[in-house]
Amino acid sequence: MNRGPEWTRFASDETNHRGLDPLGLAAVGSNIVQTRLLPGITNTTVHVRYYSFFCWVFWSFWQNGRNSGRISEQRRWLTRLENILRSATLFREPTLRGLVGVNKAIRINNLPGNSQIQIDTSNIISAFTPAFYSASFRAVGCGRWVASGQGPKPGAHLSPFGEQLAKAFDSAVRASVVTRRALISIFSEKATVPAKDIRVVADAVRLRPLSPDEREHGLLLELLLRLRSDRTNLNWQTRSRSFALLLEIAEQAKGRITDSGDIHKVFATSRLPNKKTFLIPLGLQLDFQTWKRYQERQYTKLSIYSLWHEIVQMLNYRSPKTAPTHQLLAHFQVAFQRSDTLRKWFGTGYGNMTVGNCQDLLLRRIRKQPEEFGSWALTLAETLLDLRRSSPERVGTSLVLLMLVCSYWSDAKNGLEQSQLHRQGGRTRLSLEVLAADVEQMRSETLGSYLQWTVENYVFKQATKVALGKLPDYRYFIVRDDNGYRLVKPDQRPSSYLSYDPSRIESAFALMSELNLIDPTNGHRLTRTGRNVLRALRAHHQM
Amino acid sequence: VRGTQRAVVVIDLIERIESFKAEQSLLMSYCVGLPFFEQDILPVLQKIGEGRVTVLLSESEYESSFADFVKSAGIRYRFHPVRLSRPNQKFHPKLYLLVKPGEARLLIASANLTPSGFRSNLEIADEIGISEGADGDLQAFSQVAQLLRSLVVLDRRLPTAVARELMEIAKTLDHWVGKGLVSDVGPRLLHSIDEALLVQLLRIIPPAGIREIVAVSPFFDEHCKGILQIAAAYPKARIRLIKDKEPGALEGSLLSKLKARLFIDEFIAADNENERRLHAKVLVFRDLQREWVASGSANLTRAGMLGSAKTGGNIEVVILREYTNHDISELLLNGIRTQRVNAKTLSWNPATNVERMPSKRLTIIDAHLKDAQINIVMQTTLPHGELLYRVVAECADQRCEVSISAKPDSGGSILLQVPVKRSFIQTEDPLSVTVQVQGNGPIARSWVAVPFALAFTAAQRGVQSSARQMCRRVFEDGDAASVVADAIANFLGELANLTEQPGTAVVGGRSADRPEEPDRPISANDFIVSTEELGNLRETTARTAQAFYGLAALLEKILMVADTDDEDMPADSIDVEAVEEKPGRQLEDRNEQSRKRDRVKVEDQLSQLTEAFRLTVREALNKEVSPAAVPFVLNLPDAVISFLLLHARIRQLLNLEPDRRLTYAFRDILQDVLSIDGVLVGTSFGWLVRAKCSDRCQTTLQELLNDRGRMSRLFAFIAAGLVMAGPKSSDLAQAVLGGLHFVTGEMPASQIDEEIRTQLGRVAAASGGWISVAEMEKVLQAYAPGQLSALSLAKRWSAKPADSFCRAIERNSIVSCSRSHMTFPANTSVMLKSANGDVRCPFCRRVILPVKTGSIVSGVLNWFDFVLAGTQ
């Protein structure tokens, strides 16, 4: 038996973490883009020459007879050449964005030519990791991976297409006697390489745009657009159509597209920045509809994350203490009562209206002007993205946007193309179908009760559910403690959750720009090469 | 700075709870972090035995729980508020009582059942124990029993089941204490239900001799009444207050009159952890030699120390120990670092945490599920007329709403009965109800107790959740997962039902008699599982549970790896900066060897699970035909076929060869459940056929089959099972379908309506292409009662004159001749069943009549005669 009272042991498992999606809603939008719009491209694949460079790395590895059967050997080879690429790129373009491992890269600009550069350093992140290019490398068809024990030569192996790319890169690097000489030390076993050798090969090796007369250009164009390759590979053709769609929008917008936001507006409203209706090419109708579904998913995600943002703001204020649940809920009710947005959309008596009344109002509005749904939703979404808005405005806007999209879905779902995308994720990821079913079930509740229910279910419960699902990793952003909720992760950047899911459009434009299809200097305009490519794409996709 | 902060003895609350291996737990806390409790504490409390858990908390905190992600309230544990009469009173104890056969442990703490309370705050906790041999802290446990009884009397709105449980525990503790010599030796447990704590302390600790008081408390009342009253009660004592560093908790100016006697220290650190918040509540009273240490839930506030629950104070519980020297408190206080502060610098400015009290005009005092309806017992102070109540029941993503008129009785009680669909309640999610008086009237909310689910044992719960978890992982399609998981979960659910034995509540391992009621009738809604009735069935179920756990965990690991390894579809990098900073995994190199090892492990676990499952089913089928067992056996085909689908899907996912042995084993089970062949010697009727012929079981069976959904599922699963058994089993198929026809009264071939077709579709989808709807329809349509071989044999032989034949008599699986009384050779039964010609007795040379006699046989034959006559 115990001798008496004792202090309790400190056993907190709370750790700060880098998670960015507290409600687990990002996966649906990301998945739509990942599998149905731009497969193989990610938000980090912004330099097209990485593909040919990696092909060259692995091709030269096998060419040099380095096949001991150990993956570590290939890894050392990769490290060596990637260090050269980084130094070479920074030598010519010290501020280039998207160079992986830039923080620890070796800069040779101010070094004497004979200084020896350590190029076997392996403490730098490689771009050949799934987070950057390795997964994309496989997905776009450069090569494949043989695991240990699966074949005599484990490691990365090139596809025939990858080999062509590697050879094209190699011939660019070996274009002159001096570069060929420099390659001798680069390909040697020595741990160091003279800085001058890196400088010599810098232009040939570095990440840079390609001109249409380079051999690599045509191959990389084909790698991404697949105009001549296997038509049965659905992922390749899907990506090709998305590139075509983006080029088509840029072409019709005549330089009025400046960033991905403008493209999202086109998807939302079907109108170009110059107010003209975007003429969707026949062969891209389905892709355009898929982008629309992606866009609609962003509205529901933003609505729910705006409520989350309110909670985080309040808990931040109370941190490190808890805020009682009922006080948090009361905050929403106060904001609800003061919301001009709700008054504007539902009239002054919205406080006494039921969910059913509001839904009917929205339905009437949508049916009267169906073409306006996109611009209404977009305007509301832009309000939510503006962090300077007041709580009443944000809460009211969230509620209106959520109900607007649900009403739109309940009215249009049967005739909507790619409607199955709004079923993706189900209850776990709060799909639009689930949200709309909840609205339907709550028709007889008042709007205020629905708001409370939404906060309870889509924010508090969802946040806990997602964190529990990630155990044993500690991924709580807020935690139920004492008499309410407490902020665990105090440094949450609103931009990490109050934003669109990565659409990869920026990456696609970056790649097209490096292939000289787009000139981004004064709005995104198609170059002559770009127009030629668009023509070829139109023919290929029967647009 | 005071305190050496040398190494001190610390207590780990979770470890103390886990190490006891409780079978029944009663937890009381002011607030409960339900996600934390369900994730970290509940599994520990439900590892073995019945794992009965009841959680009591304050009313205001109960109201907040509806916003929390709750998975098990009312399903795996009882969860109820303790309601006090005045709004500012708090149910504030932190008591964790753990019971197992012959033994109990009680933790008395300052820690709420929350992550902070159990992990990060600096809290105080003490522990007492008792065992059946009158060993342990008898005085304190006698007071625990008294506390439980007082609580039941104080809060008359506790649900009946909870009140009964408290009384049962109190009785058990009294029983254990009664065996020993109760004296005033040992620690005392003081509570404030009937009398203020300070009054009790004054009675025990003589004020005259007390020279020093050390009070550790994070909270004080606005007017410092708690401190001033203690100072007045012990006028010769010097007082050292230790408080948290959080500002605004104490109005120092009010303490000026104690200036010569009072010293205030602020807590700085303990355990070398600077981030801890002081939440402990301790009072140390010292005279020249002795000291008394009171620790537990009571803050040095007016509500905590000066009032009783009956006079408007909180309910607090502390444990008081007496020592003959000052060692304990020295050790305790040296374990923390503090810093002296000037009282004048302290002010009262607490955070504005206004508690939200629910409406007193409408209170749900009990809500439980019974016979597919929710019984809601309410109390109201609304006018005594008939009112319309809007009731919303919510369960996971389902919601139903009804309006019911009701009138309170003279005591203000109302009973609402809300029917809910079976599908609504057959989930593993908790159920809640919201009742509102129509027209924006007062609202009340409650979690609904599901006695059926609460009665599961630890093993059953384990299998159920593992089965669901596994199905969710294994089947890509959510509906397919639920078809299979529901069937397996129902199987286990009905198993719990089968073993239900009302009136044998087990508290502390001893059957308790019905307790004396405080002053209310106790309904018979409660649900108690006997631990002794299951015999082999329990053993095999436990083995199944074990195998399910193992396999579920292994699959989770393997399939999760498979999920994240799909690099054909590269994902976006969510935090590029983070990756930049942490060069780790470079070239991907999956360890194929380790995967192979995992596959072998899965195969091994799958075999163990299959064997355990098969044994469970066998044991269940060995049970006598009884009405209680009917629901369980009726679910067997669904469960068995679902298990087959799950098994096949796992093998497919892991690229393992199909295992046909399993199909054969389960084909036999189908036969044992439904075969009609029992009319013949050497063969037995299916269990359900015998149940249908039993007067006792017939009604139960019919009631269950009136549920169209259940019957359709049965048809679909049996069709699937017969397709899996293959075309060579056409005789078996006919016999099983014959049984199905007889049991349900519906002809399989002609009853493929929309509902059955839907179920066929779901099962086909769950099979992942293994079985098609067309195949299943074909099997059902191939059934022709006129061609049942057993029936045609019986028909052929039953008309024969008995004199020129001998009858085969079956007794204890031995078949003998009715004339010569000699035992037939072993293969005679098989020959009788299959032979087209005559089979003669090797002893009397007469032709053997292969048909059994008896009421079941004649009942079956007559029924088929009647049916066949109708179809011709």
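Predicted model: local features only at pLDDT ≥ 70, side-chain atom pairs only at ≥ 80, totals over all residues.
Me: Which residues of helix 5 of chain A are buried?

Reply: Here is a general idea to start with. An α-helix has 3.6 residues a turn, so residues three or four places apart point the same way. In helix 5 of chain A, the buried residues are Phe161(A), Gly162(A), Leu165(A), Ala166(A), Ala168(A), Phe169(A), Asp170(A) and Val173(A).

Me: And what covers the buried residues of helix 5 of chain A?

Reply: The cover includes helix 2 (49–63), helix 6 (177–186), helix 7 (195–205) and helix 8 (215–225), along with strand 4 (155–158), of chain A.

Me: Can we try another helix? How many residues does helix 3 of chain A have, and how many of them are buried?

Reply: Helix 3 of chain A has 22 residues, and it reaches 32 Å from its first C-alpha to its last, close to the 32 Å expected at 1.5 Å a residue. Of those 22 residues, 18 are buried, so helix 3 of chain A is largely enclosed by the rest of the structure.

Me: How should I describe two helices that pack together?

Reply: Two packed helices are described by the angle between their axes and the distance between the axes. Take helix 2 and helix 3 (residues 71–92) of chain A: their axes come within 10 Å and cross at roughly 135°. That angle makes helix 2 of chain A oblique to helix 3 of chain A. The crossing of these two helices is right-handed.

Me: Which residues make the contact between helix 2 and helix 3 of chain A?

Reply: From helix 2 of chain A come Tyr50(A), Phe53(A), Phe54(A), Trp56(A), Val57(A), Phe58(A), Ser60(A), Phe61(A) and Trp62(A). Helix 3 of chain A brings Glu73(A), Gln74(A), Trp77(A), Leu78(A), Leu81(A), Glu82(A) and Leu85(A). Sorted by class, this contact has 12 nonpolar, 2 polar and 2 charged residues.

Me: Where is Arg226(A) found, and is it buried or exposed?

Reply: Arg226(A) is in the loop between helix 8 and helix 9 (234–253) of chain A. Its phi is near 50°, a positive value in a residue other than glycine. With 2% relative accessibility, Arg226(A) counts as buried.

Me: And where does Asn516(A) lie?

Reply: Asn516(A) lies in the loop between helix 20 (505–514) and strand 9 (518–519) of chain A. Although not a glycine, Asn516(A) has a positive phi of about 65°. At 27% relative accessibility, Asn516(A) counts as partly exposed.

Me: How many helices and strands are there in chain A?

Reply: Chain A has 21 helices and 10 strands. Of its 543 residues, 62% are buried.

Key:
Residues numbered from 1 in each chain as written. Chains lettered and ligands numbered in written order. Heavy atoms only, no water. Buried < 20%, exposed > 50% of the residue type's maximum accessible area, 1.4 Å probe, protein only. Helix = DSSP H or I, 4+ residues; strand = E, 2+ residues; numbered from the N terminus. Contact = heavy atoms within 4.5 Å. Axes fitted to C-alpha atoms, helices over the stretch in contact; angles between N-to-C directions. Parallel < 35°, antiparallel > 145°, perpendicular 65-115°, else oblique. Left-handed = near helix turned anticlockwise from the far one by under 90°. Nonpolar A, V, L, I, M, F, W, Y, C, P; charged D, E, K, R; others polar. Expected span 1.5 Å × (residues − 1).
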